[in-house]
Amino acid sequence: ARNLTKHYHLGGGLGGAGQIVRAVDGVSLDIHERETFALVGESGCGKTTLGRIMLRLQEPSGGEINYRGQELTTLDEKGMRALRKKLQVVFQDPYASLNPRMRIEQILAEPLRAHGYGSAAEIRERCAALLEMVGLRRQYLRSYPHQFSGGQRQRIGIARALANNPDFVVCDESVSALDVSIQAQVLNLLRDLQDELKLTYFFITHDLSVVRQFADRVGVMFLGRLVEVGTTEEIFSAPKHPYTMFLISAVPRADPHQRSRERPILKGEIPSPMDMPNGCRFHTRCPFAQDICRTEDPEPQTQGTRTVACHFPLEA
Ligand code: SF4
């Protein structure tokens, strides 16, 4: 992705100027084949919007998306349809994302039919194989979504996303609604499927404990901007952007000695995306802010595996 933006224009009735919400504002990033790239940040920072525009489920306001040498933003509906098979999404809420009136077989057959998979018998066999691939029995094909637990429904959501052998899967808070033990099982399943099917994951979450065990690289988003990117090890052991440091320090640790140590607490409200502060967007909350931070927006700087957008990046 290069310089991706998604701006919404609000209001402006009766000749008023209206307001612009900068949900995604100039994001550039590379995602490597077969990796898990996690995107983290507080609610409302633009994570989901970025995931959706990368798949062109929503149109970007500007920027480029290059997928294996092909520019997606200029493809028409027909061109995009051919690529849809390769670009899929697993949604957060398994209760809302499966049609309650459809049997599991119909749910899984839908994307297969849409892409002309084969005969009715071949589609039926593929649906059964998909269920088994996610650890469910083929007898469940005749069941309805309400007959399954949350974890099982998410497995069905994963099976549906994988129906047409995709390469790139956006997992949008895909385990956030699940209990911790079920979450671990679904994460293990996603990891096994990644190895088996050579998948690339774009893993959107606000849960840093999940990121730590699951991701290869991490991008940190704040108010529509990507403020830091690095390997999971780099981000957790030596964050360079102050916002990343605060996010990491808020992750609970299972170490009784850590409890008594003082942890930095992030104070202040997130500025409104309709009324962005000048300069660095984080300056109203950043304890390291200096004069330049209030006037000049820091450009992302890349060194090796690390990208950070801050005038005064933290030293290890
Ligand atoms: Fe803080 Fe300045 Fe860095 Fe922004 S640019 S994160 S205000 S030190």
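**Strand pairing, a ligand shell and a helix pair**

In strand S2, Val 27 stands opposite Leu 4. The model is predicted: local features need pLDDT of at least 70, side-chain atom pairs count only at pLDDT 80 or more, and totals for chains, interfaces and linings use all residues. Residues are numbered from 1 along each chain as its sequence is written.

Strands S1 (residues 2-10) and S2 (residues 19-27) run antiparallel and are joined by seven bridges. Strands (E, at least two residues) and helices (H or I, at least four) are DSSP runs, numbered from the N terminus; two strands pair if DSSP finds at least two bridges between them. S1 also pairs with S4 (residues 62-64), again in the antiparallel sense, over two bridges. Here Thr 5 stands opposite Gly 62 of S4.

The ligand is surrounded by 13 residues, of which the closest are Cys 280, Cys 286, Ala 289, Cys 293 and Cys 310. A residue counts as near if its C-beta atom, placed from the backbone, lies within 6 Å of the molecule. The shell holds ten nonpolar, three polar and no charged residues. In these classes, Ala, Val, Leu, Ile, Met, Phe, Trp, Tyr, Cys and Pro are nonpolar, Asp, Glu, Lys and Arg charged, and the others, Gly among them, polar.

Helices H5 (residues 150-161) and H6 (residues 180-197) have axes that come within 10 Å and cross at roughly 20 degrees. Axes are lines fitted to C-alpha atoms over the stretch in contact, with angles from 0 to 180 degrees between N-to-C directions. H5 is therefore roughly parallel to H6, a term for angles under 35 degrees.

Definitions and conventions: Angles under 35 degrees count as roughly parallel, over 145 as roughly antiparallel, 65 to 115 as roughly perpendicular and the rest as oblique.
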